[in-house]
Protein chains: 2
Amino acid sequence: MATDISKYRYNHTMYRIKDPKASLKFYTEILGMKLLDEHHSDESKFSLYFLGYEDPASEGLVRLARQGVLELTHNHGTENDPNVAYNTGNGENGGYGHIAITVDDLKAACARFDEFGVKFVKRPEEGRMKHIAFIADPDGYRVEILENPMLKA
Amino acid sequence: MATDISKYRYNHTMYRIKDPKASLKFYTEILGMKLLDEHHSDESKFSLYFLGYEDPASEGLVRLARQGVLELTHNHGTENDPNVAYNTGNGENGGYGHIAITVDDLKAACARFDEFGVKFVKRPEEGRMKHIAFIADPDGYRVEILENPMLKA
């Protein structure tokens, strides 16, 4: 019985969402992820949605062999429960911070987010860090938008 | 001004840690990640640590071009402040859940975690999901341990 830690991979990050319709629209239409896999449990009343970017490095890989996967957990019924508002980690004693998406062009990406009415936590021109923006997903989770100059056309 | 969402990538996940010594030991020695980059701000009194697995798909990529990076944020002084205990997202209204690491052999990986005295939230044999375990990092953040059968020797 042995384990080879050089084979370990960071597969995914999970957080809970209130309304899958709103979140799937945000992560696929607005941020461009693909829905890689989903799992629904009628018995335990939850659904899991696995999202990620298709890219040459992960083409052909099944979900478990990938890196860079986001798992969204929906506990059924929260979308109609006015008392459900998840702690997104950035309040008092908040531990969890954000995920980060690299984009080709920060300004153009932000202009497009505006077309979708996405809420900004920090626009590029605000504060000292001009090369990043923070937007909020439908639950308020922060998504850092980071320009990768190598992706610029 | 245009943006091509097919170029977007999921780069990293960030959370805050109390004590970088404990966390770096956990993520490098125990989980086998490499420290890819770090950034220290004396003025704003924080440090960022970027960790990830080296693998063929990401070899030669700079940190910004990668997927599967974990960013740990250390606000200086928290390691000696008994009042600092981060909300790890799994209490009441908890939104953030966990990261997941795929391993070659779940049983062997867990036996090795025991050698390091790692705290288990759920051992493989507990509950219905025998193919996964949950361990806790030094702050209590949950790390899912998931066997990828394709990695088995």
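**Two domains, two chains**

Guide: The centres of domain 1 of chain A and domain 2 of chain A, taken over C-alpha atoms, are separated by 20 Å. Please note that this is a predicted model.

Visitor: Where do domain 1 and domain 2 of chain A run?
Guide: Domain 1 covers 9-80, and domain 2 covers 98-151. These bounds come from an automatic or database domain assignment.

Visitor: How many residues of each domain of chain A take part in the contact?
Guide: Domain 1 of chain A gives 14 residues and domain 2 of chain A gives 14 residues. A contact here means heavy atoms within 4.5 Å.

Visitor: What is the area buried between domain 1 and domain 2 of chain A?
Guide: About 1,100 Å². Carbon and sulfur atoms give 70% of that area. Tyr15(A), Phe26(A) and Ile30(A) supply 45% of what domain 1 of chain A buries against domain 2 of chain A, more than any other three residues.

Visitor: What does UniProt place at residues 9-148 of chain A?
Guide: An unreviewed UniProt entry places the feature "domain: VOC" there. Over residues 9-148, chain A is 15% helix and 39% strand. The end C-alpha atoms of that stretch are 23 Å apart.

Visitor: What makes chain A and chain B related as by a two-fold rotation axis?

Visitor: How do you know that the copies meet through the same surface?
Guide: Compare the interface residues. Of those in chain A, 100% are also interface residues in chain B, so the surface is the same.

Visitor: How many residues does each chain bring to the contact, and what area do chain A and chain B bury between them?
Guide: Chain A brings 70 residues and chain B brings 70 residues. Together they bury about 5,600 Å², with 55% of it on carbon and sulfur atoms. Tyr8(A), Arg9(A) and Tyr10(A) supply 14% of the area that chain A buries against chain B, more than any other three residues.

Visitor: Why does His74(A) count as buried?
Guide: Buried means under 20% relative accessible area. His74(A) has 4% relative accessibility, so it counts as buried. His74(A) lies in strand 4 of chain A, residues 69-75. Leaving aside neighbours within four places in sequence, its contacts include Ile17(A), Phe46(A) and Tyr49(A).

Visitor: What makes the pairing of the His74(A) and Glu79(A) side chains a polar contact?
Guide: The cut-off for such N or O pairs is 3.5 Å. The side chains of His74(A) and Glu79(A) make their polar contact at 2.7 Å.

Visitor: Why is Gly117(B) called exposed?
Guide: Exposed means over 50%. Gly117(B) stands at 60% relative accessibility, so it counts as exposed. Gly117(B) sits in the loop between helix 2 (106-115) and strand 6 (119-122) of chain B. Just after helix 2, Gly117(B) takes a positive phi of about 70 degrees.

Visitor: Which residues of helix 2 of chain B are buried?
Guide: Among them are Leu106(B), Cys110(B) and Phe113(B). The buried residues of helix 2 pack against several elements of chain B, including helix 1 (20-30) and strand 5 (96-103). At the start of helix 2 of chain B, a side-chain oxygen of Asp105(B) reaches to within 3.2 Å of the backbone nitrogen of Lys107(B).

Technical notes:
Residues are numbered from 1 along each chain as its sequence is written. Chains are lettered from A and ligands numbered from 1 in the order in which they are written. This is a predicted model: local features need pLDDT of at least 70, side-chain atom pairs count only at pLDDT 80 or more; totals for chains, interfaces and linings use all residues. Side-chain values use heavy atoms; hydrogens and water are left out. Helices (H or I, at least four residues) and strands (E, at least two) are DSSP runs, numbered from the N terminus. Buried means under 20% relative accessible area, exposed over 50%, partly exposed in between (1.4 Å probe, protein chains only). A polar contact is a pair of N or O atoms within 3.5 Å; within protein, one must be able to donate a hydrogen and the other to accept it, and residues adjacent in sequence count only if both atoms are side-chain atoms. UniProt positions are given in the numbering used here, feature names are shortened, and annotations may be inferred rather than shown by experiment. Buried area is the accessible area (1.4 Å probe) that two parts lose on being put together, summed over both.
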